[in-house]
Amino acid sequence: MSAPAHRSAGIVTRGLACGIDLGVVLAVMGGIYVGALFLRLLFSPQEFSFPDANAVLSATLFVGVAVLYLTACWSVSGRTVGAVTMGLRVVSRNGELIGWLRAFVRAVLCVMFGFGLLWAAVDGRRRSLQDILLRTAVVYDWEPDLHPGEPEI
Amino acid sequence: MDGRKAPDPLRLAAGVAATAGGALQRVIGFGVDTARVLPGVDPLLVALEERGTQTLRNADELADRLLHAVLRRIVQVALQEVDLTAIVRDHVDLDVVAEGIDIQRIIDRVDVDAIAARVDIPQILDRVDIDAVAARIDVDAIVDRVDVDSVIGRVDLVVLADTVIEGVDLPRIIRESTDSMSNEAVRGVRTQGMQADDAVAGFVGKLFGRAHEPGDA
């Protein structure tokens, strides 16, 4: 089956991609947590005990990891792990990759206001609230490399 | 008698006959030479000579044939009467004969390749009943006589396994198989995701009464 045209992706693929990315972020957090445990065990093995889960710290870590991850992925290739799996790419209105700043702002908005994605289900052009604000688009793109072209938004 | 030995009548007769024959030959020779001078006699003499030659030749052939027939008959009768095998056995020292035979020289003169070239191997094979031969072979007995453990003990299995593994490009096989598997799986997920997207968009579009499909704008 040939790759589809670069048209806007809908709520289902984008939701699944978000779920996969959430799993990736949680895995990274788990890795950081285990790494921190080993560090504590390494430097103070005598008084070692499993730390209590700190909600604020965990939430902050989650937001930090997620924003860092999304910003890096969107600005470098436009594709996160979830987007690669579902064949999506985040591009600007003219089909180019979005810059670092826009990627960062979009990452913050997506992490803090994830419900904005739901607007893609009802929007006529399948845009989330973040897309509308930052003039970005999420398109189907199965190719590993970016082929710039006017997306049919 | 003057002391000389009395003449041998036989030798005397032979001498008389030879003298008479020589005189007769000379007389005939003289007669022929004389007659040859006369005209018309020479051709007659030539014809007579040819006739004589022909007659002698015919007589020679007749004698030959007669002799052959007689000899054949004599040998036949002799062979019937005589046991040659018994004679050879009784009177010939076969050991001495055999010692005189140079077997090596005979072998050297035999062209084995030429003999082999004349042998029709396929025809021989056709006449051999392989199935019957195979049926007579007791495979179990052969297997019983083979000491598999000692054979395995003599094979360096580690080296053998290393050689086999070196010959197999395992990473490439795994890479190719997983590549194709993951490609198929990913394509399936992406395609179904797109169909789900379109289904949701169609449902929402109907809900809001939109006339056109999202994404067409």
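Of the 217 residues of chain B, 3% count as buried, a residue being called buried if 20 or more other C-beta atoms, placed from the backbone, lie within 10 Å of its own, exposed if 12 or fewer do, and partly exposed in between. The model is a predicted one, in which local features need pLDDT of at least 70 and side-chain atom pairs count only at pLDDT 80 or more, while totals for chains, interfaces and linings use all residues. Residues are numbered from 1 along each chain as its sequence is written, and chains are lettered from A and ligands numbered from 1 in the order in which they are written.

Chain B holds twelve helices and zero strands, where helices (H or I, at least four residues) and strands (E, at least two) are DSSP runs numbered from the N terminus. Helix 12 of chain B, residues 170-207, has 38 residues and reaches 55 Å from its first C-alpha to its last, close to the 56 Å expected at 1.5 Å a residue, the expected span being 1.5 Å times one less than the number of residues. Just after this helix, Gly209(B) takes a positive phi of about 70°.

Within helix 12 of chain B, the residues Arg190(B), Gly193(B), Asp197(B), Val200(B) and Ala201(B) are buried, and the buried residues of this helix pack against helix 1, helix 3 and helix 5 of chain A. The contact between the chains takes 21 residues from chain A and 17 residues from chain B, two residues being in contact if their C-beta atoms, placed from the backbone, lie within 7 Å. On the side of chain A that touches chain B, the largest share, four residues, comes from helix 1 of chain A.
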